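Morning, everyone. I'll take a few minutes on one model. Here it is on the screen.

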Amino acid sequence: MEQHKTHEEAERVKTLLEKYDTIDRETEQRFQFRNILPEEADQAARIEEICFPPNEACSEKMMRERVLTAPELFLVAIDRQSGKIAGFLNGLSTEESVFRDEFFTDAKLYDPAGRNVMLLGLDVLPEYRGQGLARAIMFQYLRRERERGREAAILTCLDSKVKMYEKMGLEDRGIAQSSWGGEQWHEMICKLNM
C-alpha cells in the first residue's frame, strides 16, 4: 500500500513538473524571472506592504536581511516594459520540515544546503493580478528548486488561499503550528523530489 502511494506521489510530481516547464508565451515575453538584486530590497519591502496587512507583512529591515542572506531563494518577476518588480516569491532553505514563525523573523535559520524551502511570501502587485503571474512565479520557483535537489517547498496560507495553492500543486497539511500575525494558517507542501 505504501509503495503504491509513493508511486502515485511520484507520478503527481512528474505531472506538475511538466507544468512548471511551461510558461505561456505572453507571460514569458512580458516578464523576466531572476534573482533579486541587493538594491531592489526596498522595492520588495514596499510591495510587501501593499500585498499584506501590517500584522502579516515582512518588515523593511527583515526584507533587507532576506535579500542579503539568500538572494538565490528570492525570485522576482520584472515587468520588461517598466523595469520594475511586478511580483516575487522568497524563501529560506532548511533541514526542517515543519513551518514555524521564526522563519519569518530570523534569516539565520537559512541553511544553504537545506533539503526544504520555507516559502515566506508570494507577492503580486494589484495591477498584475488575475493574469497568471502568481502561478508563473510559483512554477518557476518550484522548478528551479527541484533542479537544485530540494525535496519540498512548504508555506503557510490563510483559509481563503488554500484552493489557489492547491491549483499550483501544493497539498494542504491542515492547520499550521504558525500563528504569525495573530492568524490561523494552513500549512501546505509541494514535494519536489522523491
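I'll go through a strand, its neighbours, a helix and some aromatic rings.

Ground rules. This is a predicted model, where local features need pLDDT of at least 70, side-chain atom pairs count only at pLDDT 80 or more, and totals for chains, interfaces and linings use all residues. Residues are numbered from 1 along each chain as its sequence is written, and side-chain values use heavy atoms, with hydrogens and water left out.

Start with strand β5, residues 152-157. Helices (H or I, at least four residues) and strands (E, at least two) are DSSP runs, numbered from the N terminus. Is β5 enclosed or open? Six of its six residues are buried, so β5 is largely enclosed by the rest of the structure. Buried means under 20% relative accessible area, exposed over 50%, partly exposed in between, with a 1.4 Å probe and protein chains only.

In a regular strand, side chains alternate between the two faces of the sheet. Here, Ala152, Ile154 and Thr156 point one way from β5. Ala153, Leu155 and Cys157 point the other way.

Now the partners. Strands pair if DSSP finds at least two bridges between them. Strand β4, residues 116-124, runs parallel to β5, with three bridges. Val117 stands opposite Ala153 there. Strand β7, residues 186-191, is antiparallel to β5, with six bridges. Leu155 faces Met188 in that pairing.

Take Thr156. Its relative accessibility is 12%, so Thr156 counts as buried. Leaving out residues up to four places away in sequence, its contacts include Phe99, Phe104 and Trp185. Contact means heavy atoms within 4.5 Å.

That brings us to the rings. Rings of Phe, Tyr and Trp (its six-membered ring) pair if their centres lie within 6.5 Å; planes under 30 degrees apart are stacked, over 60 edge-to-face, the rest tilted. The count is five aromatic pairs. One of them is Phe99 with Phe104, tilted, at 5.1 Å centre to centre and 50° between the planes. Phe99 is buried at 0% relative accessible area, and Phe104 is buried at 9%. Phe99, Phe103, Phe104 and Trp180 form one aromatic cluster.

Next, helix α3, residues 41-51. Its buried residues include Ala44, Ile47 and Cys51. The buried residues of α3 pack against α4, β2, β3 and β4.

Thanks.
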